[in-house]
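Hi everyone, thanks for making time this morning.

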Amino acid sequence: MTSTARITALAFGLGIALSGPSALAQGKEPAMTGKTAMGPVLTDAKGMTLYVFDKDTAGKSTCNGPCAANWPPLMADASAKPMGKYTVIARDDGSRQWAYNGKPLYTWAKDAKAGDTTGDGVNSVWHVAKP
């Protein structure tokens, strides 16, 4: 059995859907650039707009608990390595999150579809992440 077949079998056994090779396995950056009414923004793999939080400091997320429920972090897996302007930071709960230029990245729970930017300007501290 090839390593790809073993991974697929393991994922199937754990109930994980695989839609193709991991972006990180291919050496691709963890975010993409998407087009929105606000111009180009960083997006996750599903095309959902990514945001930065003014209260975060370089390399440190301050959005935890209920904040992270509304602003889900762009999570990085255990094998994720920094690449280009992307770094991996440790969250308070020990999980790992992607950051761009040192700023942790998040999605916004109220964005309904790819290209939405409804989180920009929330409480004057959330902003779309620009490439």
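I'll start with the ring pairs and finish with the loop. Please keep in mind that this is a predicted model.

So, how many aromatic pairs does the count come to? Seven, by the rule we use for ring centres. Let me pick out Tyr86 and Trp98, which make an edge-to-face pair, with 6.5 Å from centre to centre and 90° between the planes. Tyr86 sits in strand S5, residues 86–90, while Trp98 belongs to strand S6, residues 96–100, so this pair links parts that are 12 residues apart in sequence.

Tyr86 has another partner, Tyr100: here the ring centres are 5.0 Å apart and the planes meet at 55°, so we call the pair tilted. Again strand S5 is joined to strand S6, because Tyr86 lies in the one and Tyr100 in the other, 14 residues apart in sequence. As for accessibility, Tyr86 has a relative accessible area of 2%, so it counts as buried. Tyr100 is buried as well, at 11%.

Next, have a look at the aromatic cluster: Tyr51, Phe53, Trp71, Tyr106, Trp108 and Trp126 form one together.

Finally, the loop. Where is Ala112 found? You'll see Ala112 in the loop between strand S7 (103–104) and strand S8 (126–128). Its relative accessibility is 71%, over the 50% cut-off, so Ala112 counts as exposed. In space, Ala112 is 8.6 Å from Met48, C-alpha to C-alpha, with 64 residues separating the two in sequence.

Key. Residues are numbered from 1 along each chain as its sequence is written. This is a predicted model: local features need pLDDT of at least 70, side-chain atom pairs count only at pLDDT 80 or more; totals for chains, interfaces and linings use all residues. Side-chain values use heavy atoms; hydrogens and water are left out. Helices (H or I, at least four residues) and strands (E, at least two) are DSSP runs, numbered from the N terminus. Buried means under 20% relative accessible area, exposed over 50%, partly exposed in between (1.4 Å probe, protein chains only). Rings of Phe, Tyr and Trp (its six-membered ring) pair if their centres lie within 6.5 Å; planes under 30 degrees apart count as stacked, over 60 as edge-to-face and the rest as tilted.
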